[in-house]
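Open the model in the viewer and keep the selection tool at hand. The stops below go in order.

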Amino acid sequence: MIRTIVALLCMTVISSFCFAHGNEQHVMGTVIKVSEESVSVETNTKATVAVMISSDTKFSKNGAPAAPGDLHIGDRVVIHAMPMKDGKLMAHTVQIGVAKASMQSQ
Amino acid sequence: MRKRTLLLSITVACVAAAAALGWVTIRRGFSARDNPSAIETLVATTARQMAVPSQYRQLRNPLSSSSDLQAGIEHFADHCATCHANDGGGDTLFGKGLYPKPPDMRQKETQNKSDGELYYTIENGIRLSGMPAFGEEHAEAGDMETWNLVLFIRHLPNQTAEELQQMEQLNPKTEKERQEEDEEQNFLRGGSTKSSKPKSHNQ
């Protein structure tokens, strides 16, 4: 009984010092599809990566806070996302860069 | 005799209930991803509040200048943001995995604490949580770096986007992370990139 109590106490103490190990993914590419729930990005290797977005996703453009509406097809993006239990990626931050069109006009 | 039987029955019922609760808990397993129950939170917060010595509770922050706030911003970004996040919300990789989770310090549960309570918490930490004691043992209540942090915590509800941006530059980063960040920023500005496969970050 005493052993069980000690084991339980140890587990409680140890668990409070454990850090979660994440598996954050950085997705870099050009937006090819955007909706209220997700954004699809084409990477340089022509792979398409779909990332879910939620109300907790933080958007920024040129270092300043932005809104989901600022995201358009053709924009360069860097997305920091975490895989969910179902394997889909959920965006934590979406950084919006220059658009393809504006690059071509430069 | 009746009284004794009643008392015995209540004791047996309590022990059985505790055993059942313990069994269910052990079967379910312990995960730091869980949130403490309401009872656990009430007991822990009450005990913690009672454990702050009254001479600390009454302390007022001696600092208030903008340079003190700036020092607090820099210190927090470098030392505290890994768990608490730059905005004090606790939404970080480490913060989300702690048990208990760091509180959202912009909310009244933190903001209603006295300056002295915040100072005492930073200096002495919180037992059985991820919050370490950052103060020296037997130190007087005159650690100005800690008072800078208290000033910053008070400022959290009014934090600006510019301050958040500045803090991101001050967060601790490895050489590899800095290189990767430069590569990402270059890509966002229209530059080329070596590889754009999704990169995994095991931390």
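The tour covers chain B, then a helix pair within it, then chain A.

This is a predicted model, in which local features need pLDDT of at least 70, side-chain atom pairs count only at pLDDT 80 or more, and totals for chains, interfaces and linings use all residues. Residues are numbered from 1 along each chain as its sequence is written, while chains are lettered from A and ligands numbered from 1 in the order in which they are written.

**Select chain B.** Its secondary structure comes to 11 helices and one strand, counted as DSSP runs (helices: H or I, at least four residues; strands: E, at least two) numbered from the N terminus. The order from the N terminus is α-α-α-α-α-α-α-α-α-α-α-β. Of the 203 residues in chain B, 20% are buried (20 or more other C-beta atoms within 10 Å of the residue's own, with C-beta atoms placed from the backbone).

**Select residues 66-79 and 144-155 of chain B.** These are helices α4 and α9, whose axes come within 8 Å and cross at roughly 95 degrees. Axes are lines fitted to C-alpha atoms over the stretch in contact, with angles from 0 to 180 degrees between N-to-C directions. α4(B) and α9(B) are therefore roughly perpendicular (65 to 115 degrees). Residues in the contact (C-beta atoms, placed from the backbone, within 7 Å) include B:Leu69, B:Ile73 and B:Phe76 of α4(B) and B:Leu149 and B:Phe152 of α9(B).

**Select chain A.** Colour it by pLDDT, the predictor's confidence in each residue from 0 to 100. Chain A averages 79, and 73% of the residues score at least 70. Finish at residues 5-21 of chain A, where pLDDT stays under 50; the model has 21 contacts beyond four places in sequence for this stretch.

Terms used
A residue is buried if 20 or more other C-beta atoms lie within 10 Å of its own, exposed if 12 or fewer, and partly exposed in between; C-beta atoms are placed from the backbone. Angles under 35 degrees count as roughly parallel, over 145 as roughly antiparallel, 65 to 115 as roughly perpendicular and the rest as oblique. Two residues are in contact if their C-beta atoms, placed from the backbone, lie within 7 Å.
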